[in-house]
Amino acid sequence: MTLSDQARNLIFPMIERAQLELALAMFRHAIEKDESYFGGYAGASQCLAAFAIFAPDGPQRSALLKEARHLANQAEVLSPANSWTQSALSWVDLAEGDTKRAIEHADIALDLAPKDGNVLDFYAMVMLATGDFDAALAASTSDRPRTSGLGRFANKSIFGAASFHAGKYEQAIDALNTATRAGDPISAPTLIYLAAANAALGNQADALALEADLKQNWPTIDTVALLDRLYVNPEQVRALTDHLRTKH
């Protein structure tokens, strides 16, 4: 349980492959230590589903999805009424493209543990990915109590992204800068959203500086491909990338 809880704290930012691989290795080790504990399976399935979301179509992605589904199902066999299990099922559903079931399982997870920070982060991500920005904002706001989990949450960054898509650009910038100052999980999308929000407000110098930082620190990232993999609605991607000077 301790190993799984520690690994759970490393899933975000999930596009940082080395960190996600570390979390996956810890979950696999937890399974080896105790095959009867559901948490190792639930966490491993979330990692594998994240890898699948950002992987190109092909045999490797299919294999990731197959294993993610197998592990999520195993977590469900062991502890079907646990919020982490339901959250894992939701994330795997999203990776498979079944948005209806993803939302259903996310809702169940939130009902079971409305103050669990990890559940809230994945719920907010599912809502963001499927275009329900109000629900994403409600789940990721810092005003929402988070009384369980180890405390390293991605909610400020998710709140910033949801704020952008809701047209609240200044709120998006404030949230993302607050996340950076707080030492929350930061990744390339943080800079993408900061650059786009600044551009939307006419702060071109700041936007260009942020885009330069993005290219320097993540020189191989393909912004459009990254976002297309995560977001269900292509218009959501265009709303973001249209504000960027370059497509990376």
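**Close-up views of salt bridges in a predicted model**

View 1. Glu-235 has a relative accessible area of 47% and is partly exposed. The structure shown is a predicted model. The side chain of Glu-235 forms a salt bridge with that of Arg-238, with an N to O distance of 2.3 Å. Arg-238 is also partly exposed, at 39% relative accessibility. Both residues belong to helix 14, which covers residues 234-241, and they sit 3 residues apart, about one turn of the helix.

View 2. A search of the whole structure gives 8 salt bridges.

**View 3. Arg-17 and Glu-21 in helix 2.** A salt bridge links Arg-17 to Glu-21, and their closest N and O atoms are 3.1 Å apart. Helix 2 spans residues 17-33, and because the two residues are 4 residues apart in it, about one helical turn separates them. Arg-17 is partly exposed, with a relative accessible area of 46%. Glu-21 is partly exposed as well, at 39% relative accessibility.

**View 4. Lys-100 and Glu-104 in helix 6.** The side chains of Lys-100 and Glu-104 form a salt bridge, 2.7 Å from N to O. The two lie 4 residues apart in helix 6 (residues 99-112), so they are separated by about one helical turn. Lys-100 has a relative accessible area of 58% and is exposed, whereas Glu-104, at 35% relative accessibility, is partly exposed.

Definitions and conventions. Residues are numbered from 1 along each chain as its sequence is written. This is a predicted model: local features need pLDDT of at least 70, side-chain atom pairs count only at pLDDT 80 or more; totals for chains, interfaces and linings use all residues. Side-chain values use heavy atoms; hydrogens and water are left out. A salt bridge is a side-chain nitrogen of Lys or Arg within 4 Å of a carboxyl oxygen of Asp or Glu. Buried means under 20% relative accessible area, exposed over 50%, partly exposed in between (1.4 Å probe, protein chains only).
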